[in-house]
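Please open the model in a viewer and keep the selection panel at hand.

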Amino acid sequence: QVQLVESGGGLVQAGGSLRLSCTASGRSFSRYFMAWFRQAPGKEREFVAAISWNGGSTSYTDSVRGRFTISRDNDKNLVYLQMNSLKPEDTALYYCAADPPPYGSNRPNLASRYNYWGQGTQVTVSS
């Protein structure tokens, strides 16, 4: 079983920055398709960003493009989400997700393709 653990969340002022980290326990992390999702109270889970196994392709939802950057370090089994110019509407519980091969889909924003999820890390942005 693959276990994912997120860290790096916190409380920041609007315009500030945070970097989230996700550690994966699996031994085949280098081939995992990885993503970040978020969920605010009363709202559905929302796709944020995704990255291919070698980091060659990335995908972002429109609301974060240009502000957030997803990256990975396969030697350390880590995926990151650098969040800049944070807005109050970014406030949510952020989840790390993994899809090991054989991949469940070619769509990076399809939540059902991801087989493993972390417990989440809270990000709160004050106005």
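Select strands β7 (residues 68-73) and β8 (residues 78-83), which pair in the antiparallel sense over six bridges; strands are DSSP runs (E, at least two residues; helices are H or I, at least four) numbered from the N terminus, and two strands pair if DSSP finds at least two bridges between them. The model is predicted, with pLDDT of at least 70 required for local features and 80 or more for side-chain atom pairs, while totals for chains, interfaces and linings use all residues. Residues are numbered from 1 along each chain as its sequence is written, and side-chain values use heavy atoms, leaving out hydrogens and water.

Four residues separate β7 and β8 in a hairpin, and Asn77 in the turn has a positive phi of about 55°. Arg72 has Val79 of β8 as its bridge partner.

Now centre on Leu81. Leaving aside neighbours within four places in sequence, its contacts (heavy atoms within 4.5 Å) include Trp36, Phe68, Ile70 and Tyr94.

Finally, select Cys22 and Cys96, both of which are buried. They form a disulfide (cysteine sulfur atoms within 2.5 Å) with the sulfur atoms 2.1 Å apart. The torsion about the S-S bond is about -80°, so the disulfide is left-handed. Cys22 lies in β3 (residues 18-24) and Cys96 in β9 (residues 92-99), so the pair ties together parts 74 residues apart in sequence.

Note on methods. Buried means under 20% relative accessible area, exposed over 50%, partly exposed in between (1.4 Å probe, protein chains only).
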